[in-house]
Amino acid sequence: MKSRILVMAFTFLLISSLVLAVSFSYHDTDLRNALYDISKTFNSPVILSDDVGGWIDMSFEANNIDDALKTVLLSTNYTFTKWDNVYLVGSVNSPDTNRVKLFKSEVVFLKDTYPSTVYTLLGSLSKYVVYSPDSMVMVIDANDQIRQKIMDMISKIDVPNSNRFFSYEIHEITEDEYQRFRQFEKYNKSGILNLTNLNFNIFRQIIKINDESDTFGTVALPTVGEMTINTTDPILTINLKSFKNTVNISVTTARNTVASVMSPKKNHTVVSLKEGNKRFLVLTSFAKTPEESEIFPAKEKKLATLLTIVGKSNPTAGQYSGTITYGSTDMSIIAETNFETNATPAIAFGLKANLIDNMYGTVELKLENGQPLVYAKIVDTTFVELFKLRASVSEEIGFENFKPLQVSLGVGSELWNIEIFGGLKGEWNTLQPYMEASLNYEWLYGLLQWEQTSGYTFGFGVTTVW
């Protein structure tokens, strides 16, 4: 009876082994392809050292991956070892010292990001890493210092993924605009400017925005991933590498590459490039939503109504005026009224237009104390280093006489949303000192001005966008 039981057990094991065994047949097959085929068959990841190669010609059966690897590698100079569920194949004396060395590597198990993505984002450090294309495993072979650096980077890359939005504007600029940017740039000393939302609009003063040759775009960018933007101008390419807390940008031409890093606190960047006779200013931004990533707020591209009320402390009797401006930066309609104690209100209607670059002209028809007047004014602003120079000339012409020419010369600077100017103002032959500070924050406008002859002027305004 006992002998019958042993025979049945032996027969069962033999049949089981025959049923579970897998047949393999390779004829003039690349060794690496054969090893990957075994990996897929047994659903176990295999990582090969760079020096693994050759051809095999054999047929065999194996019950598991260990038996299969032993059989295939028996007649080669390679061996294998196992970490958890990962098999490493190579030679103890593998020449690729920057890759896997058996028995001396560290295995990383990724959670949220594919190894191919991590490998790409590691950049130059990727030469110390190999990975299995069929698993979430990476193997690091490097000294302790480099290994720790790679581990730190992987911890920042291997995070739950989502999208952020990246906006870009490419402006082909003139030599004068290019030199103005360089004046700002040299204070940064890195060839790039990282800016906040608040002072990014200063570049509206340097370049002509929304020209027909300009390129605009917004793309969805993975929080961890990379992307290449091929612009409409074949000269320029924008390459992005997105990490958990940063976005690395490379703006490339045929002969130049400028790289920059943006973070949530510095999520706007300005880059200048030259390529032959062409000069470009590339403005970039990223945020969690498309609206937040817009380089210039949408309201600045729409028609706006500005209401300003200004009061003067001198003369002591009091003087107040109100202005309504409707239009864009290119052309606006102006309506003004001026009230003084014991005086007939003055009323004016006119136009304000952009003449060239940062020069604006205003023409108004006025009715003042029952007398019609024509009022004309030209204001020009230019940049020197981080300062603005502003000059204006205005004249009122009546039917009976000309009023004295009014002149203003000032120098100032813009900090955040505050603009401060100081200089001389008045009739061309009797100029007097003045100081002026203005605030532009979202829809609110504020003004404080001092002149030697007329004292303090204060006012406020609001802007609505259609």
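Here is a short walk through a pair of helices and some of the strands in this structure. Keep in mind as you look that this is a predicted model.

Let's begin with helix 2, which covers residues 31–41. What do they pack against? After the helix comes Asn 43, whose phi is positive, near 55 degrees.

Now move on to helix 3, residues 65–73. Its N-terminal end has a cap too: Asn 64 places a side-chain oxygen 3.2 Å from the backbone nitrogen of Asp 66. The buried residues here are Ile 65, Ala 68, Leu 69, Val 72 and Leu 73. Looking down the axis of helix 3, you'd see them fall within an arc of 115 degrees, so they line one face of the helix.

For helix 2 and helix 3, the angle is about 170 degrees and the axes are 10 Å apart. That makes helix 2 roughly antiparallel to helix 3. Where they meet, helix 2 brings Leu 31, Leu 35, Ile 38 and Ser 39, while helix 3 brings Ile 65, Ala 68, Leu 69, Val 72 and Leu 73.

Next, head over to an open sheet of four strands, in the order 12-13-14-15, with antiparallel pairing. Strand 12 (225–230) and strand 15 (257–262) are its edges, each pairing on one side only. From one strand to the next, the twist averages 15 degrees. Inside this sheet, strand 13 (residues 237–242) is joined to strand 14 (residues 247–252) by six bridges, and Thr 237 stands opposite Thr 252 in strand 14.

Last stop: strands 23, 24 and 25. Strand 23 (residues 371–384) pairs with strand 24 (residues 387–398) in the antiparallel sense over twelve bridges. Look there for Tyr 375, which stands opposite Glu 396 in strand 24. Strand 24 also runs antiparallel to strand 25 (residues 406–415), joined by seven bridges, with Val 407 in strand 25 as the bridge partner of Val 393.

Conventions:
Residues are numbered from 1 along each chain as its sequence is written. This is a predicted model: local features need pLDDT of at least 70, side-chain atom pairs count only at pLDDT 80 or more; totals for chains, interfaces and linings use all residues. Side-chain values use heavy atoms; hydrogens and water are left out. Two strands pair if DSSP finds at least two bridges between them. Helices (H or I, at least four residues) and strands (E, at least two) are DSSP runs, numbered from the N terminus. Axes are lines fitted to C-alpha atoms, for helices over the stretch in contact, and angles run from 0 to 180 degrees between N-to-C directions. Buried means under 20% relative accessible area, exposed over 50%, partly exposed in between (1.4 Å probe, protein chains only). The arc is that of the directions from the helix axis to the C-beta atoms. A polar contact is a pair of N or O atoms within 3.5 Å; within protein, one must be able to donate a hydrogen and the other to accept it, and residues adjacent in sequence count only if both atoms are side-chain atoms. Angles under 35 degrees count as roughly parallel, over 145 as roughly antiparallel, 65 to 115 as roughly perpendicular and the rest as oblique. Contact means heavy atoms within 4.5 Å.
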